[in-house]
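Please look over the chain below.

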Amino acid sequence: KFCSYYINGFVNLIEKFLSDVAYSKNILTVFTPSTIFLEQPQKGFNEYIASKAAVEALVRQLAAKYSGWVFCAPRLPRMLTDQTSGLGTDSTQNTAEVMLDALNLMNCLSR
C-alpha cells in the first residue's frame, strides 16, 4: 500500500508535470519527505521503510535525468501527524518546526 502511494503515485504525478510544457521546460522544486526510519528502523514499519528507501533512489534517478529540477527528500524524524496519531507516538518534536526547517532547506536547495 505504501509503495502504491509513495512510488506509483509520485511517478504518476511527476509524469503529469513532465507532459505539460509549462512545467517540463522550467525549473521545478519537488518536495518528497523521507524518514529517519531508514537510519533507525522501527519494528512493524518494514513496508513503509522499504517504500521510502525506494523513493530516495527514485529521486536520485530523477535528479540525474532532469537536471533543471530540484528534488528535496529530507529524512524527517518521527513526529505526531494524522498518519501516526493512532500509534501512541510520544514525540518531543514540534511538527510545525520540523516542517518549517524542511521547507527552509528546500528553499535553500532551489536557489
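Q: Which elements do the buried residues of H3 pack against?
A: This is a predicted model, where local features need pLDDT of at least 70, side-chain atom pairs count only at pLDDT 80 or more, and totals for chains, interfaces and linings use all residues. Residues are numbered from 1 along each chain as its sequence is written, and side-chain values use heavy atoms, with hydrogens and water left out. Helices (H or I, at least four residues) and strands (E, at least two) are DSSP runs, numbered from the N terminus. With contact meaning heavy atoms within 4.5 Å, the buried residues of H3 pack against H1, strand S2 (34-35), strand S3 (70-72) and strand S4 (75-76).

Q: In what pattern do the helices and strands follow each other along the sequence?
A: The chain holds four helices and four strands. Read along the sequence, their pattern is α-α-β-β-α-β-β-α.

Q: What share of the chain's residues count as buried?
A: Buried means under 20% relative accessible area, exposed over 50%, and partly exposed in between (1.4 Å probe, protein chains only). The chain has 111 residues, and the share that counts as buried is 29%.

Q: What share of the accessible surface belongs to carbon and sulfur atoms?
A: Accessible areas come from the Shrake-Rupley method with a 1.4 Å probe; for residues, only the protein chains shown count as cover. The surface of the chain comes to about 7,300 Å². The part that belongs to carbon and sulfur atoms is 54%.

Q: How far does helix H3 reach from its first C-alpha to its last?
A: Helix H3 covers residues 46-65, which is 20 residues. The expected span is 1.5 Å times one less than the number of residues.

Q: Which residues does Phe71 touch, not counting residues up to four places away in sequence?
A: Phe71 belongs to the largest nonpolar core. In general, nonpolar side chains tend to be buried together in soluble globular proteins. Leaving out residues up to four places away in sequence, Phe71 touches Phe10, Ile14, Val30, Val59, Leu62 and Ala63.

Q: Which residues do salt bridges join into one network?
A: A salt bridge is a side-chain nitrogen of Lys or Arg within 4 Å of a carboxyl oxygen of Asp or Glu. The side chains of Glu56 and Arg75 meet in one at 2.7 Å, N to O, and those of Glu39 and Arg75 meet in another at 3.1 Å. Glu56 is buried, at 11% relative accessible area, whereas Arg75 is partly exposed, at 34%. Through shared partners, the network joins Glu39, Glu56 and Arg75.

Q: How many residues apart in sequence are the parts that Glu56 and Arg75 tie together?
A: Glu56 lies in helix H3 and Arg75 in strand S4. The pair therefore ties together parts whose separation in sequence is 19 residues.

Q: What is the angle between the planes of Phe2 and Tyr48?
A: Rings of Phe, Tyr and Trp (its six-membered ring) pair if their centres lie within 6.5 Å; planes under 30 degrees apart count as stacked, over 60 as edge-to-face and the rest as tilted. The whole structure has nine aromatic pairs. Phe2 and Tyr48 form an edge-to-face pair, 5.3 Å centre to centre, with an angle between the planes of 65°.

Q: Is Cys3 buried or partly exposed?
A: Cys3 lies in helix H1, residues 2-18. Among the residues that Cys3 touches are Glu47 and Ser51. Its relative accessibility is 33%, so Cys3 counts as partly exposed.

Note on methods
A nonpolar core is a set of buried Ala, Val, Leu, Ile, Met, Phe, Trp, Tyr and Cys residues joined through side-chain atoms within 4.5 Å.
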